[in-house]
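Here is a friendly walk through one structure, written for someone who likes to have angles and contacts at hand. Please keep the viewer open while you read.

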Amino acid sequence: MEQLTLTLEELNQEEQEIRNNLGGIVKNFVRTGWSLSRIDRSGAYKLKGFRSIADYARETFGMSPDGVSRFIRVYEKYSLPGDTPELKEEYREYNFSQLVEMLQIPESDHAMIRPEVKREDIRELARFNKENENNPDKLLNWQQDPDEILKEAAEEFFRERKNDLNQIYEKYGISPYTEDETKEMAMFLYHGKPKRFRSENIFIILYPDQIFVKGSDGEPRDITWTEFFKVMGSVFDGSAGEDTWKNHFDPEEIPGQDNILNHPEYLPGKLHGRKFEHCIYCPEEQCVSEDCQGCKMKKKIAPAQKSEEQKYSEEQARIDRETKRKLKEMEDEEKMNHLPSDEGPKVHQIRMPAKYYDDVAAGIMSFWFAKGEFRTGELLNMLEFSEGRHTGRMLKTEITYILDDYTGLEDGYCIMAIRVLETT
């Protein structure tokens, strides 16, 4: 951006503009970012003796450094070209929190996000991208047929939706489907609001008229519901019946007999189209290894091919991870409740819904309402929780004022003015 100079009088005007915007109820976040950017680019904060825009904003507006960065980045990323505080047309229906989260995903993924999508869904897409950056499957999937990725998406989607799959096949039978049937089935799965689904290698967002699929290869794909149900049919039509889900994912074995898939030595490759004689993991066109021992596709073995021991081990591993997480939460809570008073101000641990995190971190929401005994100068560790789980993010804040005798407040409750000290 071009060099900018502000006088002290212009700086005071910008300060008043920021205060007005921070207290407004309309979308003034881009104007706040614009003003902060002007002050930063011009170095006007030096007129009041500050060394950086972060120090200036903290003392002048009570904003955290992260909050300042978010406002400026949102303005620079989503505003019209030139020195103007106006969002690009395609982003005008999004709120500040959504745009902050969209900074964490590549621009190619923006097509997957609409204004009705929840902030947590955008954040989950960013996690999916990060987890797949070094995924060994990504090196293999660059040559995977796009149709195979869509088939995997449909299979993984319905693996978690047993009742939905069975009800569709009970009511509509196998494909192809009429236009009216497709619309009914789409609304049945959509249930009136966008939905997000993800597995290790697949991320899906549903809309009333469209579906976005992203695989571990990193390429977002958009398909219609007609195309989605056609893919669904190619995966599940052969298993259609009284219990389609069970027929596909968990076919029964004949009592007293073992599963032949547990003994690949008896499955000659020429009988099932595999490159290597004993391979049971992937078809020849997907085989990328020189031998079965080095095969990277083995972990894609279908649940129906897994032994009971494998299934049991995987379930126990999941339970162990969940138990470890809960014990860690209990340990953290115990530590926070027993901090020695002589080591500094008392620290309270507060659970904060995820929807408030960014506003508090940015200094837009500088208060908190809670029940308990609090004192000015004490600290609040505000842990972000989403869907009953700690996300790992926390705000360390200081109580600067307490209002506990206001008419209408119930006994034991108070309103606290807070100042963000640190974000993690």
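Helix 8 and helix 11 are roughly perpendicular to each other, because their packing angle of about 80 degrees lies in the range 65 to 115 that counts as such. The model is a predicted one. Helix 8 covers residues 146-159 and helix 11 covers residues 225-236, and their axes are 9 Å apart. On the side of helix 8, the contact is made by Leu150, Lys151, Ala154, Glu155, Phe157 and Phe158. Helix 11 contributes Phe228, Val231, Met232, Ser234, Val235 and Phe236. Sorted by class, this contact has nine nonpolar, one polar and two charged residues.

Four strands make an open sheet in the order 1-2-3-4, and the pairing is antiparallel. Its edge strands, strand 1 (195-198) and strand 4 (220-223), each pair on one side only. Direction ignored, neighbouring strands are turned by 15 degrees against each other on average. Within the sheet, strand 2 (residues 202-206) and strand 3 (residues 211-215) pair over five bridges in the antiparallel sense. Ile205 stands opposite Phe212 of strand 3. Helix 8 packs on this sheet and touches strand 1, strand 2, strand 3 and strand 4, with a direction at about 75 degrees to that of strand 2. Helix 11 lies across strand 2, strand 3 and strand 4 and runs at about 100 degrees to strand 4.

What is the strand order in the sheet of five strands? The order is 5-7-8-9-6, in an open sheet with mixed pairing. Strand 5 (347-353) and strand 6 (367-371) are the edge strands, each pairing on one side only. From one strand to the next, the twist averages 45 degrees. Strand 8 and strand 9 pair in the antiparallel sense over eight bridges, and Ile402 has Met416 in strand 9 as its bridge partner. Helix 15 (residues 354-362) lies across strand 5, strand 6, strand 7 (379-386), strand 8 and strand 9. The angle between helix 15 and strand 5 is about 115 degrees.

| Strand pair | Residues | Bridges |
|---|---|---|
| Strand 2 and strand 3 | residues 202-206 and residues 211-215 | five bridges |
| Strand 8 and strand 9 | residues 389-403 and residues 413-423 | eight bridges |

Helix 4 (residues 65-78) has 14 residues and reaches 20 Å from its first C-alpha to its last, close to the 20 Å expected at 1.5 Å a residue. Its buried residues include Val68, Phe71, Val74 and Tyr78. Leaving out residues up to four places away in sequence, Leu103 touches Arg73, Val74, Lys77 and Tyr78. Leu103 and Tyr78 are 25 residues apart along the chain, and their C-alpha atoms are separated by 9.7 Å.

One backbone detail remains. Most peptide bonds are trans. The peptide bond from Ser175 to Pro176 is cis, with omega near 5 degrees. Pro176 lies in the loop between helix 9 (162-172) and helix 10 (179-190).

Note on methods. Residues are numbered from 1 along each chain as its sequence is written. This is a predicted model: local features need pLDDT of at least 70, side-chain atom pairs count only at pLDDT 80 or more; totals for chains, interfaces and linings use all residues. Side-chain values use heavy atoms; hydrogens and water are left out. Two strands pair if DSSP finds at least two bridges between them. Helices (H or I, at least four residues) and strands (E, at least two) are DSSP runs, numbered from the N terminus. Axes are lines fitted to C-alpha atoms, for helices over the stretch in contact, and angles run from 0 to 180 degrees between N-to-C directions. Contact means heavy atoms within 4.5 Å. Angles under 35 degrees count as roughly parallel, over 145 as roughly antiparallel, 65 to 115 as roughly perpendicular and the rest as oblique. Ala, Val, Leu, Ile, Met, Phe, Trp, Tyr, Cys and Pro count as nonpolar, Asp, Glu, Lys and Arg as charged, and the others, Gly among them, as polar. The expected span of a helix is 1.5 Å times one less than its number of residues. Buried means under 20% relative accessible area, exposed over 50%, partly exposed in between (1.4 Å probe, protein chains only).
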